[in-house]
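Open the model in your viewer and keep the selection tool at hand.

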Amino acid sequence: MANLCYNSILIVFLSLLISTQSATTQNKTTTVEHKPLQNFSKFKPSSFSPSPSSSSNSKFSHSFTLSLSKRTHASSTTKSTTTTSTLEPSLAASRKQDPKQKLTNKNPFPYKSSFKYTMALVVSLPIGTPPQLQDMVLDTGSQLSWIKCNKKLPPPKPKPNLSSSFDPSLSSSFSLLPCNHPLCKPRVPDFTLPTDCDQNLHCHYSYFYADGTLAEGNLVREKIPLSSSQSTPPLILGCTRESRDTEGILGMNLGRLSFASQTKVTKFSYCVPPHRIPAKGSPATGMFYLGDNPNSRGFQYVDLLTFGHAQSQRMPNLDRAAYTVGMVDVKIGGRRLNIPSSVFRPSPNGAGQTIIDSGSEYSYLVDAAYDKIKDEVLRLVGPGKWKKGYVYENTLDLCFTGDVMKIGRSIGDMVFVFDKGVEIVISSDRVLSDVGNGVGCLAIGRSDLLGIPSNIIGNFHQQNMWVEFDVVNRRVGFAKADCRTSV
């Protein structure tokens, strides 16, 4: 879920701010609201400061209170007896900032786990001491990891098919970040909205995303015990009170607050199984590795594009923390479309970067690339089956009626071509997404429909392949696989 700034979102929220300030300042619990995960990409808007309100003054000990009301900033003279600490930069940033620093290829937390693939890659991770299992969306386009936090209500009555939220009062390793922590400053660049201080002197964060997602809560420290013999150090996480979704986010991009950066993971990989329509059975299961992957011998690697600090400062639309790769063209049915490679690379203002994003289901391309693909697909299928004017979920606008598999075969395989000749081959049976009711849509959307100026390769086009993010060597690897049986 790539993070990119947009002024239109700022304008909307400034107007909300004005209306909120004139309303009552009573404490209100803010919920996290998500749109369906198939459009789960997140894009960084301009900063917006929540309107002030009050909150309760309870202290955290064994009992747990999380106020998610909108808050005023604490005075700069606020003091706390809690020791503060600073975060180390991400591995990628460390490598650039200190040339003398030697990065080891040894992964500190080797780990292997399966995940559920529905419209997202959902991993179950143990959080806290003792561990509480939490479902989190594996997202290479996001930085901050966050979990749902709620005190369990006695007597607990488990709900079937729902993941239980995390109860901080049951964990001995849980702690809230105080207001004097370096992250709790309005101008910290790691958050889409400014962090601030609640009236309990705890650090409050807000994340607003262009897909309509608002995540709001307290920043906390918590351990993730990956096995009985190994655990991460306390990590900075978001603790969000309520949500209509059952999953949190496992942020895995190159930002310093991501899970990968905080744990100094040298590489990680996953294998996305073929997509299943939920009505036709239980979710498919894929595989996730932290550290070395025994299947990596056959991986083909494409280098990440790098941008110096001074350069990126002049590129307001660039997401520096994303896994940006050099894409050069697209092939359909063996025919190259001869799209200029510049279309897939950042322009002087940062627009046009190509991102590998596990948190987005579909892929999205800028107009110059999308229009050529659309013209070629229509030429191959013919206009008779085109459902002209139909837009699925406000993102996919090239849809057809009829036998989806047969239409896919008439299009043929699609190939995304990258630097060094590396290719992602999308077989004809995965060119279209079966959206139901006899309609199949090209699983590529127009970036403009989302209001984003970049190219995104989503997980739908990562099915049946290993994808490895080699953080230390700054590259992404791909290999064809049968992800239903890969281990």
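Start by selecting C149 and C239, which a disulfide joins with an S to S distance of 1.8 Å; a disulfide here is a pair of cysteine sulfur atoms within 2.5 Å. The two cysteines sit in distant parts of the chain, 90 residues apart: C149 in the loop between β4 (146–148) and β5 (175–176), C239 in strand β9 (residues 235–240). Strands (E, at least two residues) and helices (H or I, at least four) are DSSP runs numbered from the N terminus. The link of C149 and C239 is left-handed, with -95° about the S-S bond. C149 has a relative accessible area of 0% and is buried, and C239 is buried at 0% too. Buried means under 20% relative accessible area, exposed over 50%, and partly exposed in between, with a 1.4 Å probe and protein chains only.

This is a predicted model, in which local features need pLDDT of at least 70 and side-chain atom pairs count only at pLDDT 80 or more, while totals for chains, interfaces and linings use all residues. Residues are numbered from 1 along each chain as its sequence is written, and side-chain values use heavy atoms, with hydrogens and water left out.

Next, select C179 and C197, a disulfide with S to S 1.5 Å. Its link is right-handed, with 75° about the S-S bond. C179 lies in the loop between β5 and β6 (196–197), and C197 in strand β6, 18 residues apart. Both C179 and C197 are buried.

Then go to C399 and C441, whose sulfur atoms are 2.0 Å apart in a disulfide. At 100° about the S-S bond, the link of C399 and C441 is right-handed. C399 is in strand β19 (residues 399–401) and C441 in strand β23 (residues 439–442), 42 residues apart.

How many disulfides does the count come to? The count is four. With the bonded cysteines numbered in sequence order, the pairing is 1-4, 2-3, 5-8, 6-7.

Now turn to the largest nonpolar core, which has 74 residues; select F268, V330, I373, M414 and F416, which touch the most other members. Such a core is a set of buried Ala, Val, Leu, Ile, Met, Phe, Trp, Tyr and Cys residues joined through side-chain atoms within 4.5 Å. Helix α5 (residues 367–381) gives the largest share of this core, six residues.

Finish with a second, separate core of 17 residues, including W146, F191, C203 and I236. C203 is buried, with a relative accessible area of 0%.
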